[in-house]
Amino acid sequence: MGIRARVRELLERPGSANLQRYRPIVTRAGERERELREYSDAELTAAANRLREGTFDKAGLAQVCALGREAARRTLGERPFEVQLLGVAAMLNGRVVEMATGEGKTLVCALAAAGYVLQGRRVHVVSVNDYLARRDAEWMAEFYALLGVSVGSIDQHSTDAERRIAYRAEVTYASVNEVGFDVLRDRMRTEASELVTAEPDVVLVDEIDSVLVDEATVPLVLAGSAERAHGDPQLAGLVRKLKSGTHYEVDADERNVNLTDTGLDHVERELGGIRLHTEEHAALLTELNLALHARALLRRDVDYLVRKGKVELVNRSRGRVARLQRWPDGLQAAVEAKEGLAASPTGEVLDSMIVQSLIGRYRTVSGCSGTAMGVATELAEFYKLSLGAVPTNLPCVREDEPDRLYETAERKQAALVEYVREVHETGRPVLIGTASVAESEQLAAQLDEVGVYGVILNAKNDAQEAGIIARAGEHGRVTISTQMAGRGTDIRLGSANGRGGERIARLGGLCVVGSGRYHTGRLDDQLRGRAGRQGDPGSSVLFTSLEDPVVTHNIAEPRPPAQVGEDGQVTDRRCVELVRHAQRVSEAAHLEIHRNTWRYHQLIAKQRELVLTERDAVLRGERAAELLRERCADRYAALREEGHERSAIDRAARLVMLFHLDRRWTEHLAFLTDVREGIHLRALARETPIDEFHRIAVAEFAQFSAQVHERSASTFEEVKLTENGVDLEGIGLRRPNSTWTYMVTDNPFGSEEERALAFLGRALKSPKTDQD
Amino acid sequence: MLGAFRSAFATPDLRKKILFTIGIIVVYRIGSTLPAPGVSFKNVQSCAAQMGQGGIYGLINLFSGGALLKLSLFALGILPYITASIIIQLLTVVIPRFEQLKKEGQSGQGKLTQYTRYLTIALAVLQSTGIVALAVRGQLFGNCQQEVIPGKDNIFTLAVMVLTMTAGTAIIMWFGELITERGIGNGMSILMFINIAARLPNVGEQMLQNAGGLTFFVVIVVGLLIIASVVFIEQGQRRIPVQYAKRVVGRRMYGGTSTYLPLKVNQAGVIPVIFASSLLYLPQLLQQLVGNGNSWWQRAIQTYLVDQSNPVHIIIYFLLIIFFTYFYIQITFNVNERAEEMKKFGGFIPGIRPGRPTSEYLNHVLSRITLPGSLYLGIIAVLPNFFLGLTGEQNSQNFPFGGTSVLIMVGVGLDTVKQIESQLMQRNYEGFLR
């Protein structure tokens with residue numbers, strides 16, 4: 001360990017945790033190995049159970065590692081390497097671990113989970129999607145059984161009863177969305193017996209960068225159905241005829257679209273000569289804006305798919321269909337109108353929560369990923385987690401070639417096709433990573449033309465995922481994928497049954513080709529990591545162009561390259577650097593979004609907690625009955641005289657109060673969303689938007705409790721008690737189905753100094769451009 | 001406000017932050033009074049007393065909290081750091097590499113901060129060398145004949161002085177960052193505030209000696225009135241309602257009262273005053289460079305421009321402030337850009353079309369509100385000039401209840417209190433359900 005690394009660790013710089021300190025534990029575990037081999041299965045289980053009784057110290061840790069290793073060897077046929085045990089020891093000490101792909105993270109997580117359970121803790125193993133959660137739970141079932149640890153798993157089809165059982169197990173596998181939605185759904189229950197989740201204790205996060213950072217910008221939202229919003233097909237038709245440039249303009253970063261003056265005139269005329277920008281027509285204007293957004297910014301097969309008469313969102317960073325996601329606030333309906341589909345029911349946000357709040361409920365957080373280092377800062381800032389890297393078991397011999405940059409997207413595409421054809425001729429398997437469903441299909445067609453027949457793996461045929469991946473390492477195979485073939489997929493060289501691997505290795509292993517850089521370098525690394533697992537040979541190269549979205553979205557005016565080769569390849573060093581710069585800008589923008597989401601949710605989370613504490617008191621205790629007995633003594637007495645049971649009245653009181661608590665919270669959230677939308681304008685008066693937001697939120701919340709009591713009391717006065725309890729129709733709760741993200745930045749104007757500087761910059765630069 | 005402070009102290013981690021800030025301020029004040037090694041404290045004291053508070057370094061002295069004319073450890077104050085950050089900020093629009101770094105978020109910003117620090121040190125070396133040189137030649141204190149640096153022939157002594165002052169600046173910079181990071185408020189602003197506030201007792205004492213108790217009392221009362229009115233006007237806003245049309249909202253049960261575009265009465269802040277006074281500083285600088293001559297223009301400059309109690313000076317100052325107010329608002333509040341941005345995010349002012357009509361409307365409102373704003377700035381800024389006779393001062397910058405000082409102090413004060421309040425609100429939630 002160099003001096004620099006030591007200093008960094010001393011300063012607690014993100015990503016500097018020294019995991020080598022856990023080495024002695026691993027060594028001790030190794031010493032126990034021979035002895036444990038002699039144990040029968042029953043003895044092994046008994047040994048594990050003995051650990052539950054003792055206190056947990058270094059010896060205990062070593063014993064856990066040793067037992068885990070032996071159990072894995074017997075049940076999975078895999079003996080964990082030293083480095084894997086090192087990872088386990090680090091995770092048991094609450095560190096986040098970076099381990100390269102193909103090093104067996106799943107097993108490390110399972111060992112760590114078992115380790116926590118044997119300390120008497122309860123563990124949730126959280127991953128990015130249902131597929132991985134189910135796969136891992138099934139794969140590790142025997143392993144846990146041998147150690148006497150109970151395990152359960154949840155996916156989106158699980159019933160409440162199944163969920164309750166799974167949460168009661170000592171180890172629960174689930175995707176982050178499912179856990180989040182269960183927590184959200186639980187906060188809407190009206191009977192204590194209906195609760196599903198258990199007290200959160202330890203969470204181990206697989207692919208921690210994806211779950212805690214990439215997903216964290218999108219709050220989990222619980223929505224209940226409200227009025228059915230409908231996209232107006234007529235508006236969609238009207239918008240379809242508008243022309244880009246003349247009638248509307250799209251931003252460079254393709255986040256916003258606006259009507260031009262001509263466009264506005266045209267639309268106002270078509271709509272019968274009205275003035276849209278008035279209070280009166282605000283609703284129509286909103287629908288028009290949404291229709292335009294759907295028309296100009298959301299592309300079929302890139303942002304969404306149309307399957308079985310439904311619009312399905314594609315998650316950009318995963319390349320998968322995001323099943324539970326919807327566009328917010330009428331946009332979904334606008335897209336459905338654009339595609340001429342029937343409108344799906346729309347929702348009202350009942351409650352929402354960000355991943356930070358979800359993770360913050362756990363007493364211990366740990367996790368691992370192949371690309372955690374890139375988010376070390378975020379993990380430290382938002383989750384107070386410290387991170388260290390585990391070395392690979394065998395050195396990685398994959399060759400990462402420098403990027404090949406082309407002037408135009410067309411030339412890049414041509415060069416890529418040519419490259420793949422050449423590699424394909426040698427028989428090496430090729431994996432091509434693309435940015436969207438549309439691109440993957442287009443590329444496949446182009447490869448077809450030159451006689452290379454590839455297999456497509458994208459969100460459209462995700463059902464065949466496992467089969468396609470299993471064969472991706474075969475001789476002469478070309479797989480064209482979206483980001484789907486990123487996390488969690490393990491591509492073995494040779495055919496599915498493991499034959500022919502050596503032959504492929506002699507040819508040079510798997511060749512990974514990227515058709516551009518993603519919006520963060522971590523995704524590039526994930527793609528590259530598909531090759532070169534566990535010391536396999538392999539290579540990777542990314543083809544980029546100056547017309548790639550990552551460049552055009554993030555750099556206003558890229559410099560034209562100075563040197564362009566005959567095939568259009570740009571060798572200009574500064575230009576090549578430009579692409580990296582664009583990616584860094586994009587990463588910074590994402591971090592900013594993340595940070596803002598986080599900052600604006602902190603106070604809401606606090607208020608939410610208070611409401612939930614109150615709600616819990618109502619749900620499990622006598623709070624509602626006490627309150628209403630006191631406030632509406634006459635009514636209470638009257639109900640008693642009508643012959644209602646005391647318990648029935650109390651139950652009614654509880655339901656009434658729960659209803660108003662939830663209702664008021666929904667209103668509160670809607671109010672805050674509204675405030676949030678325009679709060680950035682405050683920066684113009686040199687106020688801090690976040691502070692102003694807090695001021696408003698706090699003032700509004702001050703009346704929360706009183707209003708809930710008041711409304712509960714007045715409902716209680718009127719409500720009828722029937723055989724079936726109280727009659728509170730129209731609170732039909734639905735499954736969570738909506739997501740929502742906020743605007744990019746807190747202060748889009750820049751600070752006052754920045755604006756003055758911008759003026760100066762323009763003044764300084766304009767004479768220069770005159771000379772050109 | 002006092003209530004806010006009381007509850008702030010009742011909140012443990014907020015109390016920690018405030019105490020931390022106060023601790024830093026105390027250390028900073030101590031450093032400001034400690035003379036640098038090699039300085040004759042007694043002689044400096046008497047020289048400074050002889051000279052009064054005028055002179056070419058008046059403004060710098062003000063911003064260093066009087067530390068400069070004590071030749072203290074922190075003689076340079078926070079100014080090199082501020083200058084350095086302004087320069088680096090300027091460079092980000094000129095140098096492409098800096099521009100790139102700025103856009104790359106945290107890591108890029110980190111590098112820029114690092115450059116700012118280096119530049120601060122460089123500036124500090126330059127400035128402290130200059131000051132030591134001036135002090136050695138006896139020019140720092142006007143015509144004072146006493147030796148402020150007894151060992152001035154020894155190059156080693158001088159080098160140590162330069163070194164300590166530079167180190168002092170580095171420490172101040174660190175203090176500023178510490179306050180921003182772990183304390184309350186913006187470190188740079190707070191230190192600036194402290195520098196200005198620290199001079200108040202001194203000035204008050206002089207006033208008491210020169211003008212007597214009654215005047216002193218009247219000035220204090222007037223001063224408090226000025227501060228109160230500044231606080232009042234600083235919070236004055238014109239709120240233009242804005243509506244957003246990008247989301248379909250179910251039922252709206254509340255008026256959109258919280259979404260508006262605020263225009264401050266004093267939209268320009270303190271900058272126009274600083275611009276105007278720096279510009280009016282030039283003739284004085286010129287005069288000091290060429291010395292006191294007797295040709296007609298030199299006399300004219302002396303009478304009309306340098307003498308701050310002359311009506312011509314006051315009127316020019318006043319007009320310059322009004323001009324700079326309009327100019328600065330024109331720069332920073334680009335109505336076209338605001339209108340474009342509102343359009344981009346789907347916002348509009350009800351009844352007004354986005355784009356050109358919106359920017360015209362904004363321009364109209366802005367120019368209406370800037371007039372009283374600029375008059376107010378002008379009045380606040382020239383007020384001390386009328387009091388000059390009372391305090392025996394020659395330099396209006398040193399008068400604590402007017403111009404730059406009061407605007408900066410009130411601005412920083414309001415910001416800091418707001419921040420404390422905001423943090424308080426986030427934390428103090430106990431007893432909400434009662």
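In this predicted model, helix 3 of chain A and helix 4 of chain A cross with left-handed geometry. The residues of their contact divide into seven nonpolar, two polar and one charged. The points below set out this helix pair, a sheet of chain A and the chain as a whole.

**Helix pair**

- Helix 3 of chain A spans residues 41-53 and helix 4 of chain A spans residues 58-76.
- The two helices pack at an angle of about 155°, and their axes are 11 Å apart.
- Because angles over 145 degrees count as roughly antiparallel, helix 3 and helix 4 of chain A are placed in that class.
- From helix 3 of chain A, the contact involves Leu44(A), Ala47(A), Ala48(A) and Leu51(A).
- These meet Gly60(A), Gln63(A), Val64(A), Leu67(A), Glu70(A) and Ala71(A) in helix 4 of chain A.

**Sheet**

- Three strands of chain A form an open sheet in the order 9-10-11, with antiparallel pairing.
- Strand 9 (304-307) and strand 11 (320-321) of chain A are at the edges; each has a single partner strand, so one side of each lacks a neighbour in the sheet.
- Four bridges join strand 9 of chain A to strand 10 of chain A, residues 310-315, in the antiparallel sense.
- Tyr304(A) is opposite Leu313(A), which belongs to strand 10 of chain A.

**Chain as a whole**

- Chain A contains 29 helices and 25 strands.
- Chain A has 772 residues, of which 47% count as buried.
- Of the contacts in chain A between residues at least 6 apart in sequence, 74% link residues at least 24 apart.

Notes
Residues numbered from 1 in each chain as written. Chains lettered and ligands numbered in written order. Predicted model: local features only at pLDDT ≥ 70, side-chain atom pairs only at ≥ 80, totals over all residues. Pairing = 2+ DSSP bridges. Axes fitted to C-alpha atoms, helices over the stretch in contact; angles between N-to-C directions. Parallel < 35°, antiparallel > 145°, perpendicular 65-115°, else oblique. Left-handed = near helix turned anticlockwise from the far one by under 90°. Contact = placed C-beta atoms within 7 Å. Nonpolar A, V, L, I, M, F, W, Y, C, P; charged D, E, K, R; others polar. Buried ≥ 20, exposed ≤ 12 C-beta atoms within 10 Å, placed from the backbone.
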